[in-house]
Amino acid sequence: MFLKQKHRVALISVDGDPAAEIGQEEAGGQNVYVRQVGETLAAQGWQVDMFTRRSDPEQPMIVEHQPHCRTIRLVAGPAEFMSRDVLFDYLPEFVEQFLAFQTQEGVEYSLVHTHYWLSSWVGMRLKRQMPSLVQVHTYHSLGAVKYRTLGDLPPIGAKRLMVEKDCLETVDSVVATSPQEREHMRSLVSTQGRIDMIPCGTDISRFGQVTRAEARQQLGFAPEDKIVLYVGRFDPRKGIETLVRAVGESDLRHLPNLKLVIGGGSRPGKSDGLERDRIEGIVQALGLTAITQFPGRLGDTNLHLYYAAADVCVVPSHYEPFGLVPIEAMASHTPVVASNVGGLQYTVVPEVTGLLVPPKDAEAFARAIARILKNPAWRDKLGHAGRQRVELGFSWDSVASRLGQLYLQLIASVAAEVVPIEMEEDAQEVAA
Ligand code: UDP
């Protein structure tokens, strides 16, 4: 699909900067999603601006990624990193700055696609001031799911639940990224409101272009190594401990040439750095130091190589609404062992592209990992099927086209509904 006339759309991700370094605390799938969708929509003919909050005085206000696709950093609160939990108070300022930016540029957006509950609030406020504005929303994480496993609600919890419900019931469409997420929205948030199911995607030309042997050579692994890979943020909810225990407390640890690779960025003293320290402590206590590597944040130069080099990629999260890591691994011809939760149940097809096991069950993870490591021919078969699955359903091109079609449909129907102000006044005069 290529548009004849450029529509101007804003992707709003207050807390997740699309131009940020990925793989650290609070910079993960949401940032990747917004950036990739933005760039792909722009390549398909949309005019895309991605709005986020400025979190460092050194950051440029505007980053031009490619023609027709920019990140715009608005000033809302101090220009420093702030946890999502304290950002709500700065949202009115974000709304004002967004409107000021529109005026200053002399433009008006037809549609905002908001990301995470904080941005949904911004979108709903903008809609009050711009009657023909269409709002599409993606939650990325649902408070109602997250809080199920927590004893007490955090201070911002009640507000978040209220905003998420309001959002589902009032915006033009909420995009669920997996059937499981849609089900949670209906059972835990509201039975009202429109939901469209469009998954997340991955870059099929970035992943899967290098063989396992080439990738190992480039990274310095031996052909006979058995590589078990984790990629993601250091966050207790990601379940890295389960993976480490699966290796350290089972026969896997005695498998010759086993290598455990735990990839992801962290900052000393911050929550991701503390989680990394904790994981390193468990690795040490289980006597796995010699076979475990922490290569740090993986990026443009090496992420695709680690995925390709691995025998199996493990996603032991306690919950994932979607989870980009499994489809990146599958795009790289690598099978996935994942927790049997949320969107992982949608992306990973058990016995076809990988295996699903109960979350937090180290023994079950160990058994599933061992099955794949001990059977390289089956590993290759699973890897091949994974690649096919991603090519068919999860390329950014197909995801952005589906989003683009949804945007066009909603823009057309809202335009048909909105009565121009002059016509409304005429009608009132006639009535009087
Ligand atoms: N990621 C990365 N480098 C790292 C660790 C993670 O680029 O060192 C990326 C990973 O490739 C994926 C994203 O961060 O695209 C994580 O997304 P996911 O949906 O799996 O988890 P989230 O972080 O959103 O919880």
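Which residue lies over the face of Phe 81, and at what distance from the ring centre?

Modeller: Keep in mind that this is a predicted model. Arg 267 lies over the face of Phe 81. The distance to the ring centre is 5.3 Å. Another ring has a charge over it too: the charged end of Arg 389 sits over Tyr 346, 5.8 Å from the ring centre.

Now the ring pairs. The structure holds 13 aromatic pairs. Take Phe 51 and Phe 98, one of these pairs. Their ring centres are 4.7 Å apart. Their planes meet at 55°, so the pair is tilted; edge-to-face would need an angle over 60 degrees. The pair links distant parts of the chain. Phe 51 is in strand E2, residues 47-53. Phe 98 is in helix H2, residues 91-105. Phe 51 is buried, with a relative accessible area of 0%. Phe 98 is buried as well, at 1%. Both rings belong to one aromatic cluster, together with Phe 101 and Tyr 109.

Back to Tyr 346, the ring under Arg 389. Tyr 346 also pairs with Phe 394. Here the centres are 5.7 Å apart and the planes are at 85°, which makes the pair edge-to-face. Tyr 346 lies in helix H12, residues 344-347. Phe 394 lies in the loop between helix H14 (376-393) and helix H15 (396-417). The pair therefore ties together parts that are 48 residues apart in sequence. Tyr 346 and Phe 394 are both buried.

Terms used:
Residues are numbered from 1 along each chain as its sequence is written. This is a predicted model: local features need pLDDT of at least 70, side-chain atom pairs count only at pLDDT 80 or more; totals for chains, interfaces and linings use all residues. Side-chain values use heavy atoms; hydrogens and water are left out. Rings of Phe, Tyr and Trp (its six-membered ring) pair if their centres lie within 6.5 Å; planes under 30 degrees apart count as stacked, over 60 as edge-to-face and the rest as tilted. Helices (H or I, at least four residues) and strands (E, at least two) are DSSP runs, numbered from the N terminus. Buried means under 20% relative accessible area, exposed over 50%, partly exposed in between (1.4 Å probe, protein chains only). A charge sits over a ring if NZ of Lys or CZ of Arg is within 6 Å of the ring centre and within 35 degrees of the ring normal.
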